[in-house]
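Please walk through this model with the structure open beside the text. The paragraphs below take up the chains in turn and then the places where their parts touch.

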Amino acid sequence: MGFILISLIILIGIASYFLGNLRAKNLRTSNQKNLKSLSHYYGYYVALWAVVPALLILLMITSFKSFFIEQYVLSDFIALGSYTETELSLLFTQIENTALGIKLFDENTILIDGAVNKLNYINKTSENLTYVTVLGLSGLLVLYSLFNINNKLNSRKIVEKFLLVLYFTCSLVAIMTTVGIIFSLLYETLRFFSQVPITDFLFGLNWSPQRVFVREAGDLDTRDLANAFGAVPLFAGTFLIALIAMCVSVPVGLLTAIYMSEYASPKVRDWAKPIIEILAGIPTVVYGFFAALTVAPLVRDIGQGAGLTVSSESALAAGFVMGIMIIPFISSLSDDVIKSVPQSLREGSYAMGATKRETIVKVLLPAALPGIVGSFLLAVSRAIGETMIVVMAAGLNAKLTANPLDAATTITTQIVVILIGDQEFDSPKTQSAFALGLTLFVVTLALNFIALQVVKKYTERYD
Amino acid sequence: MTDRIEQRINSLNKRLNSEKRFRIYCIGAMSFALAWVLILFLNIFSSGYSAFYRTVIQVDVPFLNLIEDTTQFSEMSSEDINNLSMYSFSKKAIYGLFPDIEEKKDKKMLIRLFSIEFEQEIREFLKSNKSNINETETIYLTASDDVDQVNKGNYPRDLDEDKRRIKDIQLLFFDELVDRGLVSYEFNLPFLMRGDSREPELAGVGGSIVGSLFTILVVLILSFPIGIFAAIYLEEFAPKNRVTDFIEININNLAAVPSIVFGLLGLGIILNTFGLPRSTPLVGGIVLSLMTLPTIIIATRASLRAVPPSIREGALAVGATKMQAVMHHVVPVAMPGALTGTIIGLAQALGETAPLLLIGMVAFVVDVPQTPLDASASLPVQVYLWSESAERGYVEKTSATIMMLLGFLILMNLAAVLIRRKFETKW
């Protein structure tokens, strides 16, 4: 229904643009009136009146319709007063399905039959009503705005004002998103911390939320809760995997950047740089698959060959692949930073008889250090927030370990493990995922903030 | 005197050697990075290409056993054919390959060489050729995943029988069929057309391709206008004040927020507060648009900033209003940059998995979705789902899905590069 209606509104909008344009031109020629704007602005003016209020009304109707329909259909049941809220919504879905011809009730009581009839009736009426309201409103406003066109109306100003407000609203979406993120994370997190003390979450050593899940919500033991949500093993696992990733990506990324900016001929640069940047464009789920299916067995085999016990979901495999993924983040950023060191510093160093390596290590790197550190920090925040590689290749059980050959789990893995599939929103298990999400959000934001500050504050200005 | 010269020469040699070593480290690091690109691609391609063809086995189906006169099929409607009981008839047709086996167990093993939908396949053949069915028709039936993998050489034949999914007797049947020339390959069209399935040989990416397409469409419809309008406002109209600064900080921060946090936003707000339907491309698209908006806004702003002020001022000088100058002169010039940014943002959204897992786009969906409001998976999610399955056949399917995903991404990035090359003006 929505699609047809929206197309109709757009058609009306296009038609009314031409109507407005035409009327403005007519007014100009027939009455010799001097209109304040160009004719096509009157077209836009009429079209805006035709489309915008109609779409807003349609949006309002579609968002509130289901609530009113449910109230109306269930009115008999609500009047009985013996149903709880969840029972009512379950009943409504059942009635909906019955209306679709699926048999759900053992016997149809009069009440249910009545409700099904009511549903069928209201669905039809509400659809017709929506069409009439929306299209009627649109048509009326077209007429209103058409007659409004006269030599006192400056339609250009109105249209431009509208555009400006529209642009401003769009730029607010970024704020709305941030507010939405913070609100949704904080809301669930606060509910979580009302059941589990924040200190237990931040300093507890045992993470086993499934234990809480198994029991009935009624006999939750508070001591049980306290012992189930200690996030330290997750923090440790995240740190361990990020550390391994950095151990791979920092030397490789930095040396690559040095080669690109100082040694490579323009020709080599031209083809090598885009190829390395491919690594940043590959979806993380591909790395996850690669880590789980190729690298992890390889690491295990090598480890067993050396007489070590290696878990099949070792932190090493996940961290290593994550490190490869991060290489381009470090190499491109550092490359840019090293290249932006002024040529005079290089030439000064060469003039003193320094070799290339000495120039790089003793002059260029210190000069570029803030930018390089900034790129490391950004890479760390990437590694911490990375999800798919660890979900597919790292372990799922939280265990406090510093051994890279052991399975380790991370914050992001646990969020996915808890929230994948169906959840009950009142359980502390589900809420704990939001608490983890908030932690992740705060940490990555802090890292980015610090990275930007480091770059801003310590970058020497050479101009 | 000579001592000091020697010392100098020694130290110089040392320095030159360390210079050489350093250079080798650098080259080594770069080769390491390049090598992994190669390894990754080779690994995926070598295990994935075989999913694009499939094993079929020729079976002679004696339709005369089903009906006295095969011309009668032409008078039957599709529904009539659906109502025909064909199971034992289809089984007998397969037994016809080896008429001399008697034991029930062996017969069962023979049937298992074929995909479990063999009856359905014969029925479909009947439906589409009902006007000219001969007494006996040769039909190509899909082989089971185990046979498919053995035929492609992906499955070791020399394991112990109890460690193998495919049994000795089945291998015997299979080799006999190969000798008779009844086993052949064909292009795996069903893989591209069908939805997911619990049987690897019947599973396809069609559903997730359509799901991805719908998701990207929603992202495009939402994030392209919003992103460009926001960029125009911030770059051209915004007064320098706290609100503007705050918006800017927000956009830069959002670009750095891990994608899974957007999934939590989608779960907490879009699903639970607004009550939009779970598992649908619509919700997935909304979440991913919020994620790609910063990319688009930042790219568009950069290309707006690159438009020289003379263009703006020229328009203003001949009497255009600010809005006219921006919309008629600045924005069209900046459009290639904005489009490039949008395509790169869309490519990011296409490859994103984590937020989709949280909003339930991991459902097992057999049907190809028809609208953005149907439950569906997307290509990367399909990769995740299949990589969790144990069957051998899913490994090549997963790699093939990755190949298609990478193919789409490469196409999109190429388009971005082409647009930039062709339309971007250098000032």
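A residue counts as buried if 20 or more other C-beta atoms lie within 10 Å of its own, as exposed if 12 or fewer do, and as partly exposed in between, with the C-beta atoms placed from the backbone. By that criterion, 43% of the 427 residues of chain B are buried, and for chain A the share is 41% of its 463 residues. The model is a predicted one, in which local features need pLDDT of at least 70 and side-chain atom pairs count only at pLDDT 80 or more, while totals for chains, interfaces and linings use all residues. Residues are numbered from 1 along each chain as its sequence is written, and chains are lettered from A and ligands numbered from 1 in the order in which they are written.

Consider next the overall dimensions of the chains. Along its principal axes, the C-alpha trace of chain B spans about 90 × 80 × 40 Å, and that of chain A about 85 × 75 × 40 Å.

Contacts within each chain can be described by separation along the sequence, where two residues are in contact if their C-beta atoms, placed from the backbone, lie within 7 Å. Among the contacts in chain B with a separation of 6 or more, 78% are between residues 24 or more positions apart, and the corresponding share in chain A is 76%.

What is the secondary structure of each chain? Helices (H or I, at least four residues) and strands (E, at least two) are DSSP runs, numbered from the N terminus. Chain A has 18 helices and zero strands, while chain B has 17 helices and three strands.

The strands of chain B form an open sheet in the order S2-S1-S3, with antiparallel pairing, where two strands are said to pair if DSSP finds at least two bridges between them. Strand S2 (136-142) and strand S3 (183-187) of chain B are the edge strands, each pairing on one side only. Neighbouring strands of this sheet are turned against each other by 45 degrees on average, direction ignored, the axes being lines fitted to C-alpha atoms (for helices over the stretch in contact) and angles running from 0 to 180 degrees between N-to-C directions. Strand S1 (residues 53-62) of chain B pairs with S3(B) in the antiparallel sense over five bridges; within this pairing, Tyr53(B) has Phe187(B) as its bridge partner, and Thr55(B) stands opposite Tyr185(B). S1(B) also pairs with S2(B), again in the antiparallel sense, over seven bridges, and here Pro62(B) has Thr136(B) as its bridge partner.

Chain B is divided into domain 1 (2-49), domain 2 (52-187) and domain 3 (206-423), with bounds that come from an automatic or database domain assignment. The centres of domain 1 and domain 2 of chain B, taken over C-alpha atoms, are separated by 58 Å.

One backbone detail of chain B deserves attention. Most residues other than glycine have a negative phi. Ser279(B), however, has a positive phi near 65 degrees, and this residue lies in the loop between helix H11 (259-271) and helix H12 (281-305) of chain B. Ser279(B) is buried, with 21 other C-beta atoms within 10 Å.

Chain A is divided into domain 1 (2-153), domain 2 (184-226) and domain 3 (232-458). Between the centres of domain 2 and domain 3 of chain A, taken over C-alpha atoms, there are 31 Å. Their contact takes 18 residues from domain 2 of chain A and 16 residues from domain 3 of chain A. On the side of domain 2, the elements that give two or more residues are helix H6 (155-195), helix H7 (198-203) and helix H8 (209-214) of chain A, and the largest share, seven residues, comes from H6(A).

Finally, there is the contact between the chains, in which 63 residues of chain A meet 62 residues of chain B. The largest share of the side of chain A, 18 residues, again comes from H6(A).
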